[in-house]
Amino acid sequence: MLFEGIKLMFVGMGTVLLFLCFMVLLLQLVSRLTKEHSVREYEAVELERKLLAEAVKARKKRELEARTIRTSADDGDDIAVIAAAVAAFEADRIQTC
């Protein structure tokens with residue numbers, strides 16, 4: 001009786017071992033069959049990341065240029081206002097003297 005239990009244990013463990021070996025071989029086969037597709041997919045993901053990074057960089061550059069243009073226009077307005085104030089002050093000073 002004892003030896004029959006041990007024999008069944010070895011048969012069960014052997015079956016599990018064979019199944020696991022079969023699964024490893026099957027996974028290796030699937031890996032080899034899908035290798036080319038995986039490489040193309042990886043390249044597509046890398047290209048997408050590169051294009052996205054370039055788009056973000058271009059958007060930030062446009063925003064910076066727009067902000068610089070607005071700042072330049074604001075500076076021009078400030079200079080005009082200050083120049084007008086100085087001219088008005090000098091005109092008033094000449095009239096009162």
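Reader: Which side chain does Glu46 meet in a salt bridge?
Author: This is a predicted model. A salt bridge needs a side-chain nitrogen of Lys or Arg within 4 Å of a carboxyl oxygen of Asp or Glu. Here the N to O distance is 3.5 Å. The partner of Glu46 is Arg49.

Reader: Where do Glu46 and Arg49 sit relative to each other in the helix?
Author: Both belong to helix H2, residues 35-96. They are 3 residues apart there, so their separation is about one helical turn.

Reader: Is Arg49 buried or exposed?
Author: Exposed means over 50% relative accessible area. Arg49 has 55%, while Glu46, at 31%, is partly exposed. Arg49 is therefore exposed.

Reader: Which residue meets Glu63 in a salt bridge?
Author: The count of salt bridges comes to 2. In this pair, N to O is 3.7 Å. Glu63 is partly exposed at 40%, and its partner is Arg59.

Reader: How much area does the nonpolar surface patch with Leu29 cover?
Author: Leu29 lies in helix H1, residues 2-33. At 47% relative accessibility, Leu29 is partly exposed. Patch residues need over 30%, so Leu29 passes that cut-off. Other members include Val16, Phe19 and Leu33. The patch covers about 790 Å².

Reader: What share of the chain's residues is buried?
Author: The chain has 2 helices and 0 strands. Its accessible surface is about 9400 Å², with 69% belonging to carbon and sulfur atoms. Buried means under 20% relative accessible area. Of the 97 residues, the buried share is 0%.

Conventions: Residues numbered from 1 in each chain as written. Predicted model: local features only at pLDDT ≥ 70, side-chain atom pairs only at ≥ 80, totals over all residues. Heavy atoms only, no water. Patch = residues over 30% accessible without salt bridge, like charges linked within 9 Å, V, L, I, M, F, W, Y side chains within 5 Å. Areas by Shrake-Rupley, 256 points an atom, 1.4 Å probe, with all protein chains shown as cover. Helix = DSSP H or I, 4+ residues; strand = E, 2+ residues; numbered from the N terminus. Buried < 20%, exposed > 50% of the residue type's maximum accessible area, 1.4 Å probe, protein only.
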